[in-house]
Amino acid sequence: MASVTLQHVEKDYGSLRILHGVDLEIADGEFVVLVGPSGCGKSTLLRMIAGLEEVSGGEIRIGERLVNDVAPKDRDIAMVFQSYALYPHMDVSSNMGFSLLLKKAEKTTIDTRVGAAAKRLGLDSFLGRLPRQLSGGQRQRVAMGRAIVRDPKVFLFDEPLSNLDAKLRVHMRAEIKALHHQLKTTSVYVTHDQIEAMTMADRIVVMHDGFVQQVGHPLELYDRPSNIFVAGFIGSPGMNFLPATVSKGGKADAVLADGQKLRLPDGLPLQDGDAITVGLRPEHIQPAENGALKAEVEVVEPLGLSTQFYVRIAGQQVCVFVMGRSTIRPGDAVRLSAEPAALHLFDPMSGNRIG
């Protein structure tokens, strides 16, 4: 096992810069998830760690070793791809042990490692099958097994669950997390799915347009997003945003576009008349008989364990999430409340968090 260190890593394609000075420390044994929308640079960064893309600037170290100019096969890493990348003419056992065969390992060593990995992944009874005889989840486990038998210092995962259906993705992400707890190998995982990031990561790296927006533990990013992008990307359903103006009387209020008011937390560096963006998680807005906000319900989504509905406030569609079942119906007029401590405030110009 080893740490991974990125120091001011840049990637250019001609005159186009894709990654802008990424600095990141991944500790030995840590599971770090790179997350962001398509085109943010997360897969490019992973491929640079793997050695599949050249580094335009900065340094990449695995442990204490500078690997900028080290070939992929010599970096002591193993990569699991979205496409599985299995040899169709080889059975499961041969696919899993092929990298060791190339290294001219003893047959007994290969058999021992393949057997141990197969047992860990529940593939004991599939070792003689060809990839076409396996389900998508089984193929992904074979790809993971092939990485495990190499006993690498670092695992790299490039959106490995994207080809699976929703139910199987939930099952496989639990398997990958459990596997990491067993192996304790440093892992870097790329996904565009923030639910995968929240449920699997020790730390999340949120990326956008080639820049790292925020790095932190999942709940740290959820509770204290550093800017509007992180606030809107982390969380499902996403955070609601309402443009407002600060009104300071005895207490500070956020005045929405239609004149409705939300009480603001005390002690924030705000002046009367300041433009702000108010962020509210759907679960922090609740129906209340004497709630400060008036709204009309547009859509109701009963989920069994909970209910999600969309309302219109100050011209903005706002998502509300309540536990349990609700009698609220489309067209109903409702009153909603939100505690001041639950509000997230952002500068509408820079997008950065206030306070």
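In this predicted model, strands β11 (residues 240-248) and β12 (residues 252-256) run antiparallel and are joined by 5 bridges. One residue pairing can be named. T245 has V255 of β12 as its bridge partner.

Both strands belong to an open sheet of 5 strands. The order is β13-β12-β11-β14-β20, with antiparallel pairing. The edges are taken by β13 (261-263) and β20 (344-346). Each of these has a single partner strand, so one side of β13 and one side of β20 lack a neighbour in the sheet. From one strand to the next, the twist averages 40 degrees.

Two helical residues were examined next. E196 is found in helix α6, which spans residues 194-200. The E196 side chain is buried yet has no salt bridge. The nearest side chain of opposite charge is that of R169, 4.5 Å away.

Q138 lies in helix α4, which covers residues 136-149. The relative accessible area of Q138 is 15%. Buried means under 20%, so Q138 is classed as buried. Not counting residues up to four places away in sequence, Q138 touches L123 and F126.

Definitions and conventions. Residues numbered from 1 in each chain as written. Predicted model: local features only at pLDDT ≥ 70, side-chain atom pairs only at ≥ 80, totals over all residues. Heavy atoms only, no water. Helix = DSSP H or I, 4+ residues; strand = E, 2+ residues; numbered from the N terminus. Buried < 20%, exposed > 50% of the residue type's maximum accessible area, 1.4 Å probe, protein only. Lys, Arg positive; Asp, Glu negative; His and termini not counted. Salt bridge = Lys/Arg side-chain N within 4 Å of Asp/Glu carboxyl O. Pairing = 2+ DSSP bridges. Axes fitted to C-alpha atoms, helices over the stretch in contact; angles between N-to-C directions. Contact = heavy atoms within 4.5 Å.
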